[in-house]
Amino acid sequence: MSGAVLSVRDLEVRFTFRDGGVFSPGARTLAAVSGISFDLGAGEALGIVGETGCGKSTLARAILGLVEPSGGQVLWLGENLVGMDSGALRRKREELQIIFQDPLAALDPRMTVRDIIAEPLRAFYPKMPSPEVDDRVRGMMRTVGLLPDQINRYPHEFSGGQCQRIGIARALVLNPRLVICDEPVSALDVSIQAQIIGLLKDLQRELNLSLLFIAHDLAVVRHISDRVMVMYLGRAMEIAGRGNLYRRPLHPYTSALIKAVPVPDPKLARQVRDTGLTGDMPSVLNPPAGCVFHDRCPYRVGRCEAEAPVLRRLENGDQVACHRAEELDLTIGKPSHLS
Amino acid sequence: MTTNADRPGTGAAAVPGADGVRGRSPRQDAWRRLRRNRAAVVSAGVMGVIVLLVLFGPMLIAWDPDYTDWAHTAAPPSLASGHWLGTDAVGRDILVRTLEGGRISLLVGLVATLVSLLIGVGYGAVAGYFGGLTDRLMMRAVDIIYALPFMFFVILLMVVFGRNILLIFAAIGAVNWLDMSRIVRGQTLGLKNAEFIEAARACGVGPWGIIRRHIVPNLLGVVVVYMTLTIPQVILIESFLSFLGLGVQEPMSSWGALVSDGAQDMETTPWTLIVPAVMLTVTLYCFNYLGDGLRDALDPKDRA
Amino acid sequence: MPLLQLKDLNVRFDTPEGEVRAVTNMSFTIDAGESLAIVGESGSGKTQTMLAVMGLLADNGRASGEALFKGRDLLRMSAPELNRHRGSEIAMIFQDSMTSLNPYLRVEKQMTEVLAQHRGLGRAEARAHAVEMLAAVRIPDPERRIRQYPHEYSGGMRQRVMVAMALLCRPDLLIADEPTTALDVTVQAQISQLMRELRAASNTAIVLITHDLGVVAGLCERVMVLYAGEVVECGGVDDIYDRPRHPYTRGLLESVPRLDQPEETSLRAIPGDPPNLLALPGGCRFRQRCPHASDACTETPPLRAGGGGHRWRCFLEDGA
């Protein structure tokens with residue numbers, strides 16, 4: 001895709017650890033991320049959803065180089081970040097930032113708000129004079145909705161939502177072009193979630209940020225994303241435009257996820273919606289053969305166990321990794337049948 | 001999964017913008033908790049008194065530590081003779097000797113601990129943060145040094161270089177930093193996975209910056225606690241050396257040397273043993289209570 | 001006689017920063033077989049209310065008022081007496097199943113322990129019951145699974161084990177504190193479904209404590225909304241969701257992203273921060289965040305009633 005600022009190609013992250021005793025050494029490999037490829041344009045927001053073990057957090061860290069990828073490429077403005085030497089990679093951090101899930105844990109408890117937000121400035125512009133640093137910090141605080149006179153306070157004196165605002169301020173102080181949001185609202189109260197989601201949306205628009213928004217909550221992702229990628233056991237199941245994905249998902253897993261989301265409407269909730277899933281999530285250490293989803297999929301056929309589907313592009317530009325994508329009509333609300 | 005979920009007392013900060021701009025640092029919180037620990041406060045008070053006595057006492061007392069009062073040799077404590085805590089076999093005033101000796105003991109304790117702190121914290125933090133081969137090599141070195149028989153090593157030094165007080169500092173400090181480095185390394189291992197460390201990396205802070213600005217300040221709590229427990233240890237080691245006859249040389253004295261001397265004359269002049277022994281013991285108790293209090297005050301889980 | 005009746009329950013905590021009033025003058029009843037949701041966010045007091053009922057408050061907490069379970073006041077019971085009720089007539093399941101289960105004991109031991117303690121069953125009989133219960137919560141291969149340790153189960157399965165353990169003695173009241181919050185959404189759906197089925201099969205009253213309005217809608221008949229330790233609105237689930245009267249309830253419903261609304265719908269966030277329980281404002285505790293606040297709100301708002309047991313506290317005549 002031309003105009004893509006970030007292109008990820010076949011990204012792999014594997015963790016090996018020793019198994020077995022002293023006398024029977026063995027190594028087990030955990031493929032946290034397998035073969036993820038996608039593009040992200042300037043000013044675009046891509047939502048990444050998945051459940052535990054799908055690898056979305058690992059993916060985020062691998063893109064930023066906080067975790068070392070085992071293979072594949074991460075092309076940022078044309079340059080491959082994988083394998084880049086640490087000094088050069090560190091300089092890229094000015095353009096690529098991240099917001100974390102646990103707002104309080106992401107802030108050093110012994111630093112004031114000023115020090116926390118100023119830290120990236122000091123790291124990249126150590127010679128910037130203090131008054132200027134202060135100005136920028138205060139400006140950032142105002143931008144994210146914090147009162148600048150709180151600048152000398154410590155993280156534990158703030159609420160969760162305010163801590164997250166501090167984290168956002170810190171991430172944006174260098175004017176990055178890409179911000180990865182790793183479950184930024186999961187740990188917050190419901191009423192505060194809406195504030196932070198609103199803030200992120202506004203900031204994205206104003207600053208023309210590219211956003212990778214990771215969440216397990218499909219409804220939240222829908223609010224902020226232009227396109228959505230669904231992950232399962234380290235692999236991408238579907239990448240589709242927001243409108244299409246929620247109305248007519250292409251992958252059975254996406255359909256199950258959507259049906260599983262509890263709707264805050266008693267009448268709708270009383271109609272039992274069967275997700276169609278069988279069994280439990282398999283262990284990441286031992287993924288099923290062929291299509292990793294096949295053992296839980298209500299639409300599986302023989303081919304699914306034998307052959308892993310490749311993420312392929314359909315006519316409308318959406319991508320799906322399912323052998324039966326063309327046959328199935330998974331429109332939400334319709335009883336599923338073959339079209 | 002809410003960070004502030006129903007924990008009473010947490011939640012919103014003080015009303016935004018109302019009271020001043022000063023924040024309440026975790027250090028201030030810990031300080032407040034420490035002040036409420038009676039044993040620790042009392043210990044700190046007693047320590048304070050001892051330090052004052054040790055520093056200023058000898059100047060205020062009539063007797064010089066090496067003045068031999070032939071009129072009152074081996075005299076028991078009495079107010080009349082002017083020797084409130086008695087004299088030893090050659091007539092030296094026990095009180096002033098004990099206070100002078102206290103200067104040496106406390107000095108050894110403090111300096112050796114500081115040395116071990118300076119070396120140990122840096123060493124342990126680096127080993128813990130960088131991990132991998134660096135960590136393994138560095139800690140193996142520690143293990144090897146640990147294995148060397150300390151006493152043998154010290155005795156050797158003393159024999160070769162003489163009983164120099166600086167040498168004692170060096171010898172004790174050279175061994176104590178090992179413990180400190182292990183503790184600091186352990187703490188660092190835990191800290192380095194904290195999310196705010198990852199955040200600092202994401203902000204472009206290099207590894208040395210992270211160690212300096214994030215790891216070490218967050219370790220200081222443990223380090224301070226450990227220091228208050230190390231100081232008594234060091235004082236005891238010095239006392240032990242003195243007991244063996246390897247400690248500070250005459251006319252300088254330390255509590256350990258005094259105890260050693262006093263033990264020899266225990267039957268005839270028990271006060272020569274009791275006075276320094278009591279001072280030593282009280283000091284050790286105080287440091288230990290203080291250390292306990294600090295540990296409780298700095299433990300974040302102790303928030304009621 | 002109602003199964004559980006709370007009268008003016010107050011829960012206070014002594015903290016170094018001052019006294020925290022977690023729950024203020026809470027009164028409500030639960031009848032046999034009813035399902036009630038207690039909805040609230042941080043500082044609402046929803047968990048502390050039920051912990052007080054169960055006698056599980058932290059050391060620095062004090063509960064006053066009355067908590068009548070089948071007519072007997074739980075707050076005034078001695079510890080041994082309370083223990084007889086806990087686990088057998090009133091059971092509680094918690095959010096984090098990993099820390100609620102003893103990692104060193106096999107599941108069988110943990111379950112049979114409950115049965116031996118409360119129903120005096122022998123080992124073989126207790127084991128049979130436990131296996132039966134595991135099957136009822138859809139644990140596959142229960143005979144084999146029961147011999148395993150908690151860490152060998154997935155998160156969802158552990159939560160099922162918790163539910164099974166809670167139901168072993170056929171309690172009259174089951175308190176579930178955020179049972180699905182820590183679970184993946186597909187697993188959440190399964191647990192919700194399980195709880196629905198169990199409710200249909202027995203007459204256990206359920207109190208569901210949660211902040212998730214979606215889960216509530218599918219499971220409970222009545223809803224009680226808490227804010228800063230007080231009940232702000234309560235009523236039947238349809239009333240609460242279709243005709244929310246209190247500005248907070250309305251704000252909550254409007255701030256939750258929903259899949260059943262068109263994607264362009266914007267979220268209306270409630271401004272401000274969660275309440276500071278050390279410094280609660282007088283009068284209506286929500287007024288600092290309420291879009292309809294007026295000077296009148298500095299006084300205690302009156303109780304208003306709609307039809308069908310729908311009640312709320314607000315100065316606004318007609319609700320928000």
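Student: In which loop of chain A is Leu233(A) found?
Tutor: This is a predicted model. In it, Leu233(A) is found in the loop between β9 (227-232) and β10 (235-241) of chain A. Leu233(A) also has a positive phi of about 50°, although it is not a glycine.

Student: Why is Leu233(A) called buried?
Tutor: A residue is called buried if 20 or more other C-beta atoms lie within 10 Å of its own. Leu233(A) has 23 other C-beta atoms within 10 Å, and therefore it is buried.

Student: Where does Asn25(C) lie, and why is Asn25(C) called partly exposed?
Tutor: Asn25(C) lies in strand β2 (residues 18-30) of chain C. Its phi is positive, about 45°, although Asn25(C) is not a glycine. Asn25(C) has 14 other C-beta atoms within 10 Å, so it is partly exposed.

Student: What describes the packing of α3 and α6 in chain B?
Tutor: Two packed helices are described by the angle between their axes and the distance between the axes. Helix α3 (residues 94-130) of chain B and helix α6 (residues 165-191) of chain B pack at an angle of about 35°, with their axes 6 Å apart. The contact of α3(B) with α6(B) has 19 nonpolar, 9 polar and 2 charged residues.

Student: What is the handedness of the crossing of α3(B) and α6(B), left-handed or right-handed?
Tutor: The crossing of α3(B) and α6(B) is right-handed. That term applies because the near helix is turned clockwise from the far one.

Student: How many residues of each domain of chain A are in contact with the other domain?
Tutor: The domain assignment of chain A gives domain 1 (4-20 + 27-95 + 176-338) and domain 2 (113-171). Residues count as in contact if their C-beta atoms lie within 7 Å. In chain A, 11 residues of domain 1 are in contact with 8 residues of domain 2. On the side of domain 1 that touches domain 2, α6(A) gives the most, with 4 residues.

Student: What makes up the contact of chain A with chain C?
Tutor: The contact takes 39 residues from chain A and 37 residues from chain C. On the side of chain A that touches chain C, the largest share, 6 residues, comes from α6(A). By class, that side of chain A has 21 nonpolar, 11 polar and 7 charged residues.

Definitions and conventions: Residues are numbered from 1 along each chain as its sequence is written. Chains are lettered from A and ligands numbered from 1 in the order in which they are written. This is a predicted model: local features need pLDDT of at least 70, side-chain atom pairs count only at pLDDT 80 or more; totals for chains, interfaces and linings use all residues. Two residues are in contact if their C-beta atoms, placed from the backbone, lie within 7 Å. Helices (H or I, at least four residues) and strands (E, at least two) are DSSP runs, numbered from the N terminus. Ala, Val, Leu, Ile, Met, Phe, Trp, Tyr, Cys and Pro count as nonpolar, Asp, Glu, Lys and Arg as charged, and the others, Gly among them, as polar. Domain bounds come from an automatic or database domain assignment. Axes are lines fitted to C-alpha atoms, for helices over the stretch in contact, and angles run from 0 to 180 degrees between N-to-C directions. A residue is buried if 20 or more other C-beta atoms lie within 10 Å of its own, exposed if 12 or fewer, and partly exposed in between; C-beta atoms are placed from the backbone.
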